[in-house]
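Reader: Before I look at the details, I would like to go through this structure with you, from its overall build to the spaces inside. Could you answer my questions one by one?

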Amino acid sequence: PVGCGLIADAVENCVDFKAMWGDLEEVVSRPSLTRFVSADDFRMLPLRVAASEAASCKVATVVGVATNELGKGVTFAVREAVRQGKMDFVLRGDVCLRESAGKGRGWFTTTDLPAGTLLLVEKPVASCIDCEMYRYKWGNLGSADSAALTVAVSSRTHKAGVLSVLRLMHPSQAVSYNDDSDEEGDAEEKAEHEQMQADMQKAWSQSAAHPGEWDRLTSVIRLNSIGFYTNNEHVMGYKERYKACTGSGVYGLACGFNHSCRPNVTRFCVGDAAFFRTNQPVRAGSELYMSYIESELHSAPKSIRSEALARDFTCSCVACEAEELTNADEGYLDVDVQFQAEMRMCPSKQRVKILQGALKGKVEGVKVNVLGKDAQELRCMLAAAHEELGQLDEALRAWAQALSWAAEHLPPFDEMIVSFAVQAAIVASRNGSPVIGKRWWRIAQEVHEVAFGGGRLHFELRYKGEIESQRPGGAQGFPMGDVPVAEQAPRPWAVVAEEIGLVARAA
């Protein structure tokens, strides 16, 4: 049955991350053509739980948790599935779903939680990976991800528990959506839209859902989908190893996290298993919020955040309430895949000149506005170009600028800070600045501990390949064994952020 799991006092002690990481590494180590064919490959990677810890946990179902009746749906089949390790979630026992003013329901904590508390680990009810989406003729359309996930979910409705979970989800009725099918396009694009709609309709017709609920369930899937990415914060080539691990899914419990542009919960993934952790101390009785948009957009104008959100509500978080909605300025530089490809084709010296100009707001003599998230992409490319030229002082300065911006504008203990600090530490260590390098290594590891947990072992599992991979210009990576160990526990975010600023200025 789908949607069974455990309620634990300490999720971090219960979930065996090392085993889960080992399962994933075994798959991504295969030759590229045999890695992932469909989301079924992910479903075969179990949520690993330490048997000694599981014995003291309560067995529950998504339906039982969602209705606050923990015993609901706990049948012999559910208990047997959990006993065999076939479960979909491990949830912390001191959080609960309840009404949230103006937002429907949301997750709340009943106790004080420190930063870095693991709240929930969950596998999706159903999922779709990107390579599946691109197999459709309409795979490149803007709404293709929701459509492909809808086809995937509908095909799973015959499995026990799937429809029960979907029917509990928001919204209670179908929500109209103005996707890119309303835009003017050529005949081929319109034909792709028609085929996409036909494929979704066919999938529902073969499902266990009643025809009268197809439209509503399509809205449920679109509005509750959560993307999953493994090691997506890596900035060097090692992240290409996990590109096939990208997709989206419907998570029966995680969909209960409401959105905020100032979230107190962050997430990371191992395959399609999503881990949700607090990024700051949270007082008892407070609501737990995640962000539905990428963290680099939190500093963008409210109008851009609202456009990226694309949901059936208007965000009323503290950040949005304090900011008036204005039309975004025209002329933003689009640092997209095409722009980055063009930069890679440029000689390093020319690339440096273009990137430095863009960061100052000018491209080919034309004034442009640059969003914070795009400025970060430019700084990463600039640092790599300086490394290719052997200009390590300038490369270190670019990484330091990226870190300074991240500490000021991203949520506390954001995953990107880990990645930037790792890069700065490697460059500083290669550039004869071991003291600066050691401080960046410490910052990288203490931010990693709050964002991902698991101590030094987890840090090495997630970052060994990124640290030891080849550098720009053909230089060798940094030996993992030479990375100093951060001995003490993570400090409060205000202290870490202040040190990032001090070390960045020193660079």
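Reader: How many helices and strands does the secondary structure of the protein come to?

Author: The model is a predicted one, and its elements are numbered from the N terminus. Counted in that way, the secondary structure of the protein comes to 21 helices and 15 strands.

Reader: What percentage of the 507 residues is buried?

Author: A residue counts as buried when its relative accessible area is under 20%. The accessible surface of the protein comes to about 23100 Å², and carbon and sulfur atoms account for 49% of that surface. Of the 507 residues, the buried share is 54%.

Reader: Among contacts between residues at least 6 apart in sequence, what share joins residues at least 24 apart?

Author: The contacts considered here are those in the protein between residues at least 6 apart in sequence. Within that set, the share that joins residues at least 24 apart is 74%.

Reader: Why is helix α8 described as largely enclosed by the rest of the structure?

Author: Helix α8 covers residues 144–154, and its buried residues include Ala 144, Leu 149, Val 151 and Val 153. Ser 146, Thr 150 and Ser 154 are also among the buried residues of α8. The helix is described as largely enclosed because, of its 11 residues, the number buried is 10.

Reader: Which helix gives the most to the lining of the largest cavity?

Author: The largest cavity has a volume of about 50 Å³, and its lining includes Met 20, Asp 23, Leu 24, Lys 123 and Asp 272. By class, this lining has six nonpolar, no polar and three charged residues. The helix that gives the most, with three residues, is α2 (residues 17–28).

Reader: Where does the largest share of the lining of the second largest cavity come from?

Author: The second largest cavity has a volume of about 30 Å³, and the residues lining it include His 259, Cys 261, Cys 315 and Cys 320. The lining divides into five nonpolar, two polar and two charged residues. Its largest share, four residues, comes from helix α12 (residues 302–309).

Reader: Which element gives the most to the lining of the second largest pocket?

Author: About 640 Å³ of space lies in the second largest pocket, which is lined by 26 residues, with Ala 81, Gly 85, Lys 86, Met 87 and Asp 88 lying nearest its centre. The lining residues divide into 16 nonpolar, two polar and eight charged. Both β1 (4–8) and α6 (76–83) supply at least two residues each, and the element that gives the most, with three residues, is α6.

Terms used
Residues numbered from 1 in each chain as written. Predicted model: local features only at pLDDT ≥ 70, side-chain atom pairs only at ≥ 80, totals over all residues. Heavy atoms only, no water. 1 Å grid on protein atoms, 1.4 Å probe; cavity = no way out; pocket = protein on both sides within 12 Å on 5 of 7 lines; lining within 4 Å. Points joined across faces, edges and corners; volume = space filled by probe spheres on them. Nonpolar A, V, L, I, M, F, W, Y, C, P; charged D, E, K, R; others polar. Buried < 20%, exposed > 50% of the residue type's maximum accessible area, 1.4 Å probe, protein only. Contact = heavy atoms within 4.5 Å. Areas by Shrake-Rupley, 256 points an atom, 1.4 Å probe, with all protein chains shown as cover.
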